[in-house]
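Here are my notes for your next look at this model.

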Amino acid sequence: MSCSNDPLLGGDSALYNPEDMLIAALSSCHMLWFLHLASNAGLIVHSYVDTPLGTGESLPDGTGRFIRAQLRPEIGLAPGTDVSCADEIHGRIHAHCFIARSVNFPVTIKARYFESTVAD
């Protein structure tokens, strides 16, 4: 796989960068655990799209790090789904997700739900 530095560091914006890949891995792990645990709970999920946001800092010596990440999934649920059950599932995922358990910055979840049918 070809990759580059972040464009803010002079990298090629057409290529993946390690920072984006880390946040994408965090988001993907969360999504897969959500789908698994939702299925176990009997929730019907029709769609799941995340636009995660990682916030970093750069220090005067040129080093940097993530200081937090927010996952912002928009989830289409079958009509009548108990949204509080979906929220509760989000709260349990980081006990399972290998990526979330490995990072040293806080990860918050700001999920939004909408009623969806298979035809949506």
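1. Let's begin with the largest pocket, where strand 2 contributes the most to the lining, with 5 residues. (Helices, H or I with at least four residues, and strands, E with at least two, are DSSP runs numbered from the N terminus.) The space in this pocket comes to about 450 Å³. Its lining has 17 residues, and Asp6, Leu8, Glu19, Gly56 and Ser58 are the closest to the centre. Helix 1, strand 2 (53-58) and strand 3 (64-71) are the elements that give two or more residues to this lining. By class, the lining residues are 4 nonpolar, 8 polar and 5 charged.

2. A word on how the pocket was found. Rolling a probe the size of a water molecule over the atoms shows where empty space is left. On a 1 Å grid over the protein atoms alone, a pocket is an open set of points where a 1.4 Å probe fits, with protein on both sides within 12 Å along at least five of seven lines, and lining residues have an atom within 4 Å of a point. Points are joined across faces, edges and corners, and the volume is the space filled by probe spheres set on them. For the classes, Ala, Val, Leu, Ile, Met, Phe, Trp, Tyr, Cys and Pro are nonpolar, Asp, Glu, Lys and Arg are charged, and the others, Gly among them, are polar.

3. Please keep in mind that this is a predicted model: local features need pLDDT of at least 70, side-chain atom pairs count only at pLDDT 80 or more, and totals for chains, interfaces and linings use all residues. Residues are numbered from 1 along each chain as its sequence is written, and side-chain values use heavy atoms, with hydrogens and water left out.

4. Now the overall picture. The protein chain has 3 helices and 6 strands, in the order α-β-β-β-β-α-α-β-β from the N terminus. Along the principal axes, its C-alpha atoms fill a box of roughly 50 × 30 × 20 Å. Of the 120 residues, 28% are buried (under 20% relative accessible area with a 1.4 Å probe, protein chains only; exposed is over 50%, and partly exposed is in between). Among contacts (heavy atoms within 4.5 Å) with a separation of 6 or more, 62% join residues 24 or more positions apart.

5. Helix 1 covers residues 18-40, and its 23 residues reach 33 Å from first to last C-alpha, close to the 33 Å expected at 1.5 Å a residue (that is, 1.5 Å times one less than the number of residues). Its buried residues are Ile23, Leu26, Ser27, Cys29, His30, Phe34, Leu37 and Ala38. Leucine 26 has a relative accessible area of 1%. Beyond its neighbours within four places in sequence, leucine 26 is in contact with Ala69, Leu71, Ile99, Ala100, Phe105 and Val107. Just after the helix, glycine 42 takes a positive phi of about 85°.

6. What does asparagine 17 do at the start of helix 1? One of its side-chain oxygens comes to within 3.1 Å of the backbone nitrogen of glutamate 19. A polar atom of the asparagine 17 side chain also lies 2.8 Å from the backbone nitrogen of aspartate 20. (A polar contact is a pair of N or O atoms within 3.5 Å; within protein, one must be able to donate a hydrogen and the other to accept it, and residues adjacent in sequence count only if both atoms are side-chain atoms.) Asparagine 17 is buried at 2% relative accessible area, and setting aside residues up to four places away, it touches Ser4, Asn5, Asp6 and Pro7.

7. Leucine 43, between helix 1 and strand 1 (45-50), is buried at 13%, and touches Ala38, Thr81, Cys85, Ala86 and Ile89, not counting residues up to four places away in sequence. Threonine 81 sits in the loop between strand 4 (73-77) and helix 2 (83-93); this residue is buried too, at 18%. Its side chain reaches the backbone oxygen of alanine 78 at 2.5 Å.

8. Finally, valine 83 belongs to helix 2. Is valine 83 buried or partly exposed? With a relative accessible area of 34%, valine 83 is partly exposed. Apart from residues up to four places away in sequence, valine 83 touches Leu77 and Tyr113.
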